[in-house]
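The stops below each begin with something to select.

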Amino acid sequence: MSESAFLLARGLGVELAGRAVLRDVSLTLAPKHLVALVGPNGAGKTTLLRALAGLLPSTGDITVGGAALTALSLRERALRFAYLPQGHVVHWPLPARDIVALGRYPHGATDPSRLGPIDDAAVRRAMLATDTVGLAERRVTELSGGERSRVALARVLAVEAPVLLADEPTASLDPRYQLDVMQYLRDAADSGTLVIVVTHDLGLAARFADSVLVLADGRLAAQGAPAEALTDTVLTKVFRVSAYRAQHQSEAVIVPWDAA
């Protein structure tokens with residue numbers, strides 16, 4: 001199996017409450033890539049993330065690391081996919097380090113306060129990667145929104161799964177934390193992880209992603225490098241906007257500008 005074929009979906013479909021939410025989605029995704037999943041509200045982005053991880057029943061075929069998803073046990077799936085859901089909120093007044101340590105549960109670490117050397121090292125790596133070491137002993141319920149988002153991201157990084165799925169991790173964050181979170185995800189991809197992130201921010205997608213999947217009405221409307229997937233034609237047809245485009249520090253800038 002080549003690196004370019006680590007996560008594959010063929011003819012993926014999902015029906016919820018009698019309605020087809022995803023239809024005939026096929027993709028091939030590689031490690032060391034950050035993939036932005038974009039599309040209008042209701043396009044099926046969250047459904048696609050959950051289906052890829054086997055959290056929703058689906059039709060079609062999904063293969064991860066050369067193994068059919070249906071052949072994997074729940075624990076094996078949890079070791080292959082780290083999932084950060086939309087609007088992730090922690091209500092338990094636990095120290096941030098214990099929240100991050102929950103990411104080691106698929107590896108058999110059931111007590112966050114009693115980690116073995118391997119699990120402890122994984123937690124420390126995740127907290128270093130998200131600049132949360134200084135928050136380790138603070139109760140997560142007392143942290144700011146941006147700090148909690150970084151702790152939540154550290155938890156999924158601590159899984160050290162080959163595939164990381166993040167559903168709108170920058171929603172409701174101020175610009176500084178949006179950039180921080182996207183950079184942490186970019187770093188994870190550069191370190192070997194396949195990262196798939198749902199975002200409504202086309203500018204962040206264009207700047208940080210290696211490739212973009214554009215979902216519309218449950219189907220892939222476009223996919224490829226940001227310049228290929230986020231063309232004026234796609235923006236007009238799918239998002240009904242035109243965009244201002246520029247280059248800054250050798251990186252693409254896309255700003256939705258007018259309703260089309």
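Start by selecting Arg240, which sits in the loop between helix H9 (232-239) and strand E11 (241-248). Helices (H or I, at least four residues) and strands (E, at least two) are DSSP runs, numbered from the N terminus. Arg240 has a positive phi of about 60° although it is not a glycine. Most residues other than glycine have a negative phi. Arg240 is also exposed, at 62% relative accessible area. Buried means under 20% relative accessible area, exposed over 50%, and partly exposed in between (1.4 Å probe, protein chains only).

This is a predicted model, in which local features need pLDDT of at least 70, side-chain atom pairs count only at pLDDT 80 or more, and totals for chains, interfaces and linings use all residues. Residues are numbered from 1 along each chain as its sequence is written, and side-chain values use heavy atoms, with hydrogens and water left out.

Next, select Ala17, in the loop between strand E1 (7-16) and strand E2 (19-29). Its phi is near 50°, a positive value in a residue other than glycine. Ala17 is exposed, with 89% relative accessibility.

**Domains and core**

Colour domain 1 (1-65 + 162-229) and domain 2 (89-160) separately; the bounds come from an automatic or database domain assignment. The C-alpha centres of domain 1 and domain 2 lie 24 Å apart. Eight residues from domain 1 and 13 residues from domain 2 take part in the contact, where contact means heavy atoms within 4.5 Å.

Now show Val38, Leu185, Val214 and Leu230, which touch the most other members of the largest nonpolar core, a set of 58 residues. A nonpolar core is a set of buried Ala, Val, Leu, Ile, Met, Phe, Trp, Tyr and Cys residues joined through side-chain atoms within 4.5 Å. Helix H5 (residues 145-159) gives the most to this core, eight residues. Both domain 1 and domain 2 give residues to this core, so it lies between them. Zoom in on Val38: leaving out residues up to four places away in sequence, its contacts include Leu202, Val214, Leu230 and Phe239. A second, separate core has 31 residues, among them Val25, Ala51, Leu52 and Phe81.

**Salt bridges**

How many salt bridges does a search of the whole structure find? The search finds eleven, each being a side-chain nitrogen of Lys or Arg within 4 Å of a carboxyl oxygen of Asp or Glu.

Select Asp131 and Arg150, whose closest N and O atoms are 3.9 Å apart in a salt bridge. Asp131 lies in the loop between helix H4 (117-129) and H5, and Arg150 in helix H5, so the pair ties together parts that are 19 residues apart in sequence. Arg150 is buried, at 8% relative accessible area.

Then select Arg207 and Glu251, which meet in a salt bridge of 2.7 Å, N to O. This pair links distant parts of the chain, with Arg207 in helix H7 (residues 202-208) and Glu251 in strand E12 (residues 251-259), 44 residues apart. Arg207 is partly exposed, with a relative accessible area of 39%, and Glu251 is partly exposed as well, at 31%.

**Last stop**

Finish with Ser191, in the loop between H6 and strand E8 (194-198). Ser191 is exposed, with a relative accessible area of 66%.
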